[in-house]
Each structure stands twice: as C-alpha cells, then as structure tokens.
Amino acid sequence: MRLHTENKLIETDDIKIHCGIFQGDSLSPLLFCICLITEQLNRLNTGYKEHTPKTKISHLPYMDDFMLIAKSEEELQKQIQTVKTFIDDIHMVFGLEKYANIALKRGKLAHSQNLVIDINREIQELEQGKTYKYLGIEESEGIQHQQMKERLKQEYSRRLRMILKSELNARNKITAIGALVVPVLRYSFAMINWRTEEIK
C-alpha cells in the first residue's frame, strides 16, 4: 500500500488478505457489483494519473457513495454512460437528487454543462456557493473546513449533552462518550484541518 503525503511517500509491506466474504453473506452481492463496475470504469482508461505511471484514478467508491473523476466532460460522459448501463443491467436506479456535476480548472470552480444520462434525465451543475456531501464532508472546489468544523462541534456538543443528561452511571457515561461522541471528531481528523488549540 502507498500513501503520498506532501513531502514523502510512505510504503507498507504487501497486505495479505487471509479470508474473503463468507458464503451467503448479504454483503457479497454488493461487493461483487462494486468490483464489476470498478473493472468496467478501469477499462475506459479515463481519469488522472497518479504518481506511479500505470495507475489512474477515475472513481472513488465507498458503500453507497460513488464519485467519478475525469479530465474532460467527454470523459465524464463516457463514465456516466458506463455506470448507467451497469445500473440498468442490475435494475438499480439513479438517485438524481443526490447527484451533482462540478468542474474545476486549476483548482478553481468553472462553469460546465449539465450532464445527460438519457432523454429525460440529466445531472445538474452544482450551483455557485453550494456544496455537495461526500462521505459526510461538505465539499465544493475543496473541503469547506470552517463550515464542517462548526457543524462537527455542534454535533459533538449535542451528543455530549444528551449523554451527560442521561441516567447512566459515571462509568457507562464515559463508555458512551468514547463510543458515540469522540468518533464524531475522530472521523474528520484525516480530512479537516484542525488546529491543536481547536481540538483542546
């Protein structure tokens, strides 16, 4: 596994997977479909080259979230048609109210056309000043750090107050805080630029 940071490359030993999904597990069909759509998108050879010359990033799947990444509207249209064909084949539906199209040029928000799925449906361009949510984090031309910090602080405080007002004994309150409150912030540490003073 490789992780590129701002000033160095961290490389681990090979990660050996010793067992797969259990036969009959309800997660198996979903993972199988994710693998199939990933394979189809990789065959398009679209997206951006990573630091290693053979690797291209064209999509980021995570459970029910799916982000497509392309260098041009033509590439993106190809990816969308591939996803549409696949989704039609397995009888899923596009949840268009959750979709948005965003174009970035040199890191800045740029105007783009709505993307056509078929004759009756299209993916709207993300409106100026609006954000979309990916893995629970608000983004536009970048992560909205300040906005997300405020939202996370409010949720952290709400959960903390709820537990402290409960009739749990002291030991169970500490356990509940560790299980329900702290993860609200911990989840964001890899994506949000928290300062030490803010966390304290």
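**Helix 3 pair.** I looked up Glu150 and Lys153 and found both in helix 3, 3 residues apart, about one turn of the helix. I take helices (H or I, at least four residues) and strands (E, at least two) as DSSP runs, numbered from the N terminus. The side chains of Glu150 and Lys153 meet in a salt bridge at 3.8 Å, N to O. By salt bridge I mean a side-chain nitrogen of Lys or Arg within 4 Å of a carboxyl oxygen of Asp or Glu. Glu150 is partly exposed at 37% relative accessible area, and Lys153 is partly exposed at 32%. The classes are buried (under 20% relative accessible area), exposed (over 50%) and partly exposed in between, with a 1.4 Å probe and protein chains only.

**Basis.** I note that the model is predicted: local features need pLDDT of at least 70, side-chain atom pairs count only at pLDDT 80 or more, and totals for chains, interfaces and linings use all residues. Residues are numbered from 1 along each chain as its sequence is written, and side-chain values use heavy atoms, with hydrogens and water left out.

**Other salt bridges.** I find 7 salt bridges in the structure. Lys149 forms one with Glu198, the closest N and O atoms being 3.0 Å apart. This pair links distant parts of the chain, with Lys149 in helix 3 (residues 145-165) and Glu198 in helix 5 (residues 196-199), 49 residues apart. Lys149 is buried at 4% relative accessibility, while Glu198 is partly exposed at 22%. I also see Lys149, Arg195, Glu197 and Glu198 linked in a network of salt bridges.

In helix 1, Arg43 and Glu39 lie 4 residues apart, about one turn of the helix. Their salt bridge has its closest N and O atoms 3.4 Å apart. Arg43 is exposed at 61%, and Glu39 is partly exposed at 39%.

**Glu75.** I next checked Glu75 in helix 2 (residues 73-89). Glu75 is buried yet has no salt bridge; the nearest side chain of opposite charge, Lys71, is 4.9 Å away. For charge, Lys and Arg count as positive and Asp and Glu as negative, with His and the chain ends not counted. The side chain of Glu75 does reach the backbone nitrogen of Lys71, at 3.1 Å. Leaving aside neighbours within four places in sequence, Glu75 is in contact (heavy atoms within 4.5 Å) with Thr46, Gly47 and Ala70.

**Whole chain.** I count 5 helices and 12 strands. Buried residues make up 22% of the 200 residues. Among contacts between residues at least 6 apart in sequence, 44% join residues at least 24 apart.

Key:
A polar contact is a pair of N or O atoms within 3.5 Å; within protein, one must be able to donate a hydrogen and the other to accept it, and residues adjacent in sequence count only if both atoms are side-chain atoms.
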